[in-house]
Amino acid sequence: MKSSLDYYVDAPYFQRPRIQWPGGKRLALWIAPNLEFYELAPPANPQRAAWPRPYPDIDGYGTRDYGNRVGAERLMRVLDRYPTRVSVSLSTALCIHHPEIVQMGLERHWEYFSHGIYNTRYAYGMDEAQEREMIAESMALIAEHTGQHCDGYLAPALTHTEFSLDLFAELGGLYTCDLFHDDQPTPIRTRSGARLVSVPYSLEMNDTIVYVVNKIEPRRYGDMLKTHFDRLYQEGAGSGTVMCIPLHPYQVSHPHRIAAFRDALDYICGHDGVWHATAREIARHYLEHHYDVALVAT
Amino acid sequence: MSLDQNYLQYPLRRRGMDHDRYPFSMLHERPPLRWPGDKPLAISIVVAVEHFPLNQQGRPFKVPGGMTTAYPDLRHFSLRDYGNRVGIWRILRALDAAGVPASFALNAAVIERFPTLARSLAARGDELIAHGLHMDALHHQGLGEDTERHWIESARDALTAIGPAPRGWLSPAKQQSALTPDLLQEAGFSYMLDWINDEWPYRFATRNGSITAVPLSTELEDRFVMLHNLHSENSWVTQVSDAIDWLSSEASTGSPRLLTLLVHAWVIGQAHRIAAFEKLLAAIAALNDTIVISPHTIASSFVANA
């Protein structure tokens, strides 16, 4: 084990080259629903149990299945009312299990990026060849079932090895959502020198972290989203910022939670200086206009 | 270091589910449900009346709400019994005052240990739901088929001794073995409340037929919101009200909706919480276009309409 994987270097927040978004916008907003499939009986991983309860853990499994049966469509109907752009963190096996959900996203011009094969198959313990095979297969599933090149990666269940980001970059990836070190995109150093962009995702605004880990009340989550937005929007007047809202249809779409999210979206979308973008668009813009400058500056 | 190669093989990666209990479908794809009176929204309130044994075995895990300290944990034992001695009576008074019906899920041990309560609940004519033997009798793979069948039949028979044979089942901690649905169907149950993966009832295949799954809104339970999340009583009322508003709105523009709410005598029956329940009941009683029905009526409406 290493004390750091040295993906990024020090770059004080207010002393960087200015980031300019298209159209002079201040803040790039992207919405990231995690469309996932959890297996009822996955093979055991030596470092992490898939379920807290013994087989069959119908509580954990049922919670996730709800997201696909009920939550996904409810979330789509809310997002349909706003100009937001959506980039999906996809358990790519969903393309095979529930292609109807993936198709509904395609009809909405959603971007798909890899969140592994299943959210019950972890990278922990994989050797490099195994992890490369897993990531490559997930990218191939997206290409086959959506016609899109998979540009982004968020490790399944946030399980990483020392090589995850290197492997993704070498397989042709453009951006990673796995690091939480910043509110702006940053260059990520990879072992091959392949260029990789970190696009801010967010754990703090992630509905599962909010509701499951931090046990936040729904209306407070709505307030947190607004406050988070306010600060990044204010700072974005100086240099462009990124706000991501990571969601799970099995969390945010519950009928006691969805209105608070809708209200926050209503507030955020009332601001003119928001660039509604996909993660791919943010990463490409950054790579084209700011990546090399950021490297030189550091 | 590497993983066994089967970790990268996916034999159940196929269209639909990775098991054969039910086909996948999204709620909006299904034919609309019809509630009695053609109401757009149905609400069902289930009150769990539970016994937590002092000599907890904790197999295969310690039940949420169970004993915590070294034996004898009189603290939690008696605090849970508070629900059966005080809380449930407060809840009944609140329900009657609001004129809102509820159903009651009873551990068999409650019927044995609190006969006056059991007779009173049976006399109300509300639906009684089998809730297993007690809260430390968790259904799991280690039981074996014969033992689990005996547990299910014993819980059924305890209710049958004080009233009609129960049609519905709620497992302690909603925990099932892989055989529970089969054994429930074979013991004469027509629906179960254990699977929380939907907002509508659906058909669930068993080895000799099928049973109806009626999902509960677990994340709105009194225990989950107030004891697990530590949200306030007022916040609980707000969350349930927000859910009702959202579902009413969907129901008014689309197909009917359902809210199933599970509360516990030992949680919502506390003196500092009952006012929140009363507030919620008053709000429910004042709703138009809503019907409050039992889970059995939900299940049979679904079957009749399927």
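This note goes through a predicted model in numbered points, beginning with chain B as a whole and then turning to local features of both chains.

1. Overall make-up of chain B. The chain contains 10 helices and nine strands. Its C-alpha trace extends over about 60 × 55 × 45 Å along the principal axes.

2. Burial and contacts in chain B. Of its 306 residues, 58% count as buried. Taking contacts between residues at least 6 apart in sequence, 71% join residues at least 24 apart.

3. A helix pair in chain B. Two packed helices are described by the angle between their axes and the distance between the axes. Helix α1 (residues 74-98) and helix α9 (residues 274-285) of chain B have axes 9 Å apart, at an angle of about 25°. Angles under 35 degrees count as roughly parallel, and α1(B) and α9(B) are therefore described as roughly parallel to each other. Their crossing is right-handed. On the α1(B) side the residues in contact are Arg90(B), Ile91(B), Ala94(B), Leu95(B) and Ala98(B). They meet Ile274(B), Phe277(B), Glu278(B), Leu281(B) and Ala285(B) of α9(B). By class, this contact has eight nonpolar residues, two charged ones and no polar ones.

4. A helix pair in chain A. Helix α7 (residues 218-235) and helix α8 (residues 258-268) of chain A have axes that come within 8 Å and cross at roughly 20°. With that angle, α7(A) and α8(A) are therefore also roughly parallel to each other. The crossing of α7(A) past α8(A) is right-handed. From α7(A), the contact takes in Pro218(A), Arg219(A), Gly222(A), Leu225(A), Lys226(A), Phe229(A) and Asp230(A). From α8(A) come Ala260(A), Phe261(A), Asp263(A), Ala264(A), Tyr267(A) and Ile268(A). The contact has eight nonpolar, one polar and four charged residues.

5. Helix α3 of chain A. After α3(A) comes His109(A), which has a positive phi near 60°.

6. Val242 of chain A. This residue belongs to strand β8 (residues 241-247) of chain A. Is Val242(A) buried or exposed? Its relative accessibility is 2%, and Val242(A) therefore counts as buried. Leaving aside residues up to four places away in sequence, Val242(A) touches Trp21(A), Ala28(A), Trp30(A), Asp183(A), Pro185(A), Pro200(A), Leu232(A) and Ile282(A). The C-alpha atoms of Val242(A) and Leu29(A) are separated by 6.0 Å, with the two residues 213 apart along the chain.

7. Cis peptide bonds. Most residues other than glycine have a negative phi, and most peptide bonds are trans. In chain A, the bond joining Tyr55(A) and Pro56(A) is cis, with omega about -5°. Pro56(A) sits in the loop between β1 and α1 of chain A. In chain B, a cis bond joins Arg59(B) and Pro60(B), with omega about -5°. Pro60(B) is in the loop between β1 (41-49) and α1 of chain B.

8. Positive phi at Lys174 of chain B. The phi of Lys174(B) is positive, near 55°, in a residue other than glycine. Lys174(B) lies in a loop of chain B, between β4 (168-169) and α5 (180-186). With a relative accessible area of 9%, Lys174(B) is buried, as buried means under 20% relative accessible area.

9. Positive phi at Leu230 of chain B. Leu230(B) has a positive phi near 60° and is likewise a residue other than glycine. The loop that holds Leu230(B) runs between α6 (222-228) and α7 (233-253) of chain B. Leu230(B) has 67% relative accessibility and so counts as exposed.

Notes:
Residues numbered from 1 in each chain as written. Chains lettered and ligands numbered in written order. Predicted model: local features only at pLDDT ≥ 70, side-chain atom pairs only at ≥ 80, totals over all residues. Heavy atoms only, no water. Axes fitted to C-alpha atoms, helices over the stretch in contact; angles between N-to-C directions. Helix = DSSP H or I, 4+ residues; strand = E, 2+ residues; numbered from the N terminus. Parallel < 35°, antiparallel > 145°, perpendicular 65-115°, else oblique. Left-handed = near helix turned anticlockwise from the far one by under 90°. Contact = heavy atoms within 4.5 Å. Nonpolar A, V, L, I, M, F, W, Y, C, P; charged D, E, K, R; others polar. Buried < 20%, exposed > 50% of the residue type's maximum accessible area, 1.4 Å probe, protein only.
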